[in-house]
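This report describes a ligand site and several strand pairings. Please look at the sequence and structure first.

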Amino acid sequence: MNSPDLTVYGAHWCPDCRRSKRFLGEHQIPYAWVDIEQDPDAEQFVIEKNKGKRIIPTILFADGSVLVEPSNAELAAKLGLVTSAKRSFYPLIVIGGGPAGLTAALYAGREAIDTLVIERAAYGGQAAATEKLDNMPGFPDGVPGIEFANRLRAQAERFGVELLQAQDVVNVTSHGNYHVVHTASGDQYACCALLVASGSRYRRLGVTGEQDFIGAGVHFCATCDGPFYKGKHVAVVGGGNSEAEESLLLTKFADRVTVLVRGDAFKASPVIVENVLRDPKIDVRFHTEVIGFLGERGKLNRLHVRNNQTDMAEEMAMDGAFIFIGLDPNTAFLQDAGVRMNRWGFLVTGHDLVHDESQRPPGYADRQPMVMETSVPGIFAAGDVRSGSTKQVASAAGEGATAALLIREYLKQV
Ligand SMILES: Cc1cc2nc3c(=O)[nH]c(=O)nc-3n(C[C@H](O)[C@H](O)[C@H](O)COP(=O)(O)OP(=O)(O)OC[C@H]3O[C@@H](n4cnc5c(N)ncnc54)[C@H](O)[C@@H]3O)c2cc1C
C-alpha cells in the first residue's frame, strides 16, 4: 500500500482525534497533526470544509478529499487496507502478523497450505516499531525494523498467503476439529489449525492521568511518536533494555531526555547502559516513580513524581513521557477458547501441559501435544505470546517456522 499524505486537523482534548491518530500510528501511516486551537487558518479550513461547523477530526488526504470524524473502518477503507477475506474457511488461520505469524504463514504458503493471516495493526508487530534490528541473523549491518517487516510481508505474499489488516480478533471458539475466529467487525472465519502469534504489548503504569493523556503526551513507542518532540523535553519511564534503547533514540528528536528509574540501577545490558550514561542529552534519576500525569486542555505538561527513598513528591515540567516497563501477552480474545495460560496470561504449550499427569488436558487422552500446541488440539502458539519464549525477533521467526511444520503434520490427521 502506498501511504497517502494525510493531515489530521483536531484538538488535544478530542477523543476521536486521539482514536484516529492511534489508528494511523498502529498502521504506521505517516500524518501531519494540526491543532486547530493553535492555528486560526486551520480552524477556518475545518469550518469551511464542514459547512460552517467545527467538526474534528477532519482528515485531509493528498488527493484533496476529506473524511470527517471517520470510524476506523472508514479510515481503513479510504486507505485501501484489505479488511475482509476471500473465503470463510482456511486450513490454517494465523492471528497476528508479527515475525512469528508471518514466518509461519510463509512456510505454510510455501507448503501449499491455504493460509489467512489476520492482523489488527501494521504488519511486522513489535519488530516493525523497532528502529534497527542489530541481532537478526543474515543482516551483518543490522536492518531497520520497518524494512524487515516489509520484507517478511512481501515474502509471505509471494507464497500466496492472504493477509487481512485492521481486523481485531475478539474471540475464538472451537467446534469439534474446527476453530472459529471472530473479528470486531462481526466476520467469522473457520479453520482446522489455528496459530496464535499475537505477541505482547506495552505495559502501563496504571497511575492517574495515564489513560487520559495517551496520544496527547503519554506514549509507548519512540519510533512512532518521538518525531513529535523535536527540540522538546521528554521523560522515559523504566529501567530495562527497551527503555535504555528508546532513550537513545529519543535524543535524535528531543533536546533533553530525563530517564526515571524506580530502582537504584538499570536492568539493561552494560553496553547500552554505558551509552545512556555517556549521552549529554540524557539525565538519569534513580529511585524515582511516576505517580501521576498532569496537564491542561487535554495535553500533558507535567509529571507528578516521588522519590521512593525520601518519599518527597514533586512536579516536573515535561512535554511528553514514554513508558517502557515491560510487556503483557495479547491473549484477552482467547477467553472462550479454553486454552491454558500461565499466571501472566502467556500460552502454555507442548510438554509443559503434561508435566503433571493429573493436569493433562482432556484433548490429549491418546496422544502427546506437539511442541507448540496449546491445551486445545489444533490451536498452536508461537513467538512472544507463548510461555517460555525468549522475546526476540529471530526466536519468534524460528518458532513460527517450527509451528508451521508441526501444523503441516497436524493437518494430515484431520
Ligand atoms: C522497542 C522494542 C525493541 C526491540 N528490539 C529488538 C531487537 O533489537 N532485537 C530483537 O530480536 N527483538 C527486539 N524486540 C523484541 C521483538 O520485537 C519481539 O520479540 C518480536 O517482535 C515478537 O514477535 P511476535 O510475532 O511473537 O509478536 P509481535 O511482534 O508482538 O506481533 C504480534 C502481532 O499480533 C497482532 N495482534 C495482537 N492481538 C491481535 C488481535 N486480537 N487481532 C489481530 N492481531 C493481533 C499485533 O498487532 C502484532 O502485529 C524489541 C521489542 C520492542 C518493543
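The model is predicted, so local features need pLDDT of at least 70 and side-chain atom pairs count only at pLDDT 80 or more, while totals for chains, interfaces and linings use all residues. Residues are numbered from 1 along each chain as its sequence is written, and side-chain values use heavy atoms, with hydrogens and water left out.

## Ligand shell

There are 32 residues around the ligand, of which E119, Q126, D384, Q392 and V393 come nearest. A residue is near a molecule or strand if one of its heavy atoms lies within 4 Å of it. By class, the shell residues divide into twelve nonpolar, 14 polar and six charged. Here Ala, Val, Leu, Ile, Met, Phe, Trp, Tyr, Cys and Pro count as nonpolar, Asp, Glu, Lys and Arg as charged, and the others, Gly among them, as polar.

At least two shell residues come from each of α4 (99-110), α5 (125-128), β13 (200-202) and α10 (393-413). The most are given by α5, with three residues. Helices (H or I, at least four residues) and strands (E, at least two) are DSSP runs, numbered from the N terminus.

| Residue | Protein atom | Ligand atom | Distance |
|---|---|---|---|
| N135 | polar, side chain | nitrogen | 2.9 Å |
| S198 | polar, backbone | oxygen | 3.5 Å |
| Q392 | N or O, side chain | oxygen | 2.8 Å |

Taken alone, the ligand exposes 1000 Å², and the protein buries 94% of that. Accessible areas come from the Shrake-Rupley method with a 1.4 Å probe; for residues, only the protein chains shown count as cover.

## Strand pairings

Strands β18, β19 and β20 form an open sheet in that order, with antiparallel pairing. Two strands pair if DSSP finds at least two bridges between them. The edge strands, β18 (288-296) and β20 (313-317), each pair on one side only. Neighbouring strands of this sheet are turned by 30 degrees against each other on average, direction ignored; the axes are lines fitted to C-alpha atoms, for helices over the stretch in contact, and angles run from 0 to 180 degrees between N-to-C directions. Five bridges link β19 (residues 299-307) with β20, and R302 has A317 in β20 as its bridge partner.

Strand β11 (residues 178-183) has five of its six residues buried, where buried means under 20% relative accessible area, exposed over 50% and partly exposed in between (1.4 Å probe, protein chains only). It pairs antiparallel with β10 (residues 169-175) over six bridges, and V172 stands opposite V181 in β11. Two residues separate the strands in the hairpin of β10 and β11, where G176 takes a positive phi near 60 degrees.

Strand β11 also runs antiparallel to β12 (residues 188-196), joined by four bridges, with H182 opposite Q188 in β12. The hairpin of β11 and β12 has four residues between the strands, and its G186 takes a positive phi near 95 degrees.

## Two local sites

H219 lies in strand β14 (residues 218-219) and is buried, with a relative accessible area of 4%. Its side chain makes a polar contact of 2.7 Å with the side chain of Y229.

At the start of helix α2 (residues 40-49), a side-chain oxygen of D39 comes to within 3.1 Å of the backbone nitrogen of D41. Just after α2, K51 takes a positive phi of about 50 degrees.

Note on methods: A polar contact is a pair of N or O atoms within 3.5 Å; within protein, one must be able to donate a hydrogen and the other to accept it, and residues adjacent in sequence count only if both atoms are side-chain atoms.
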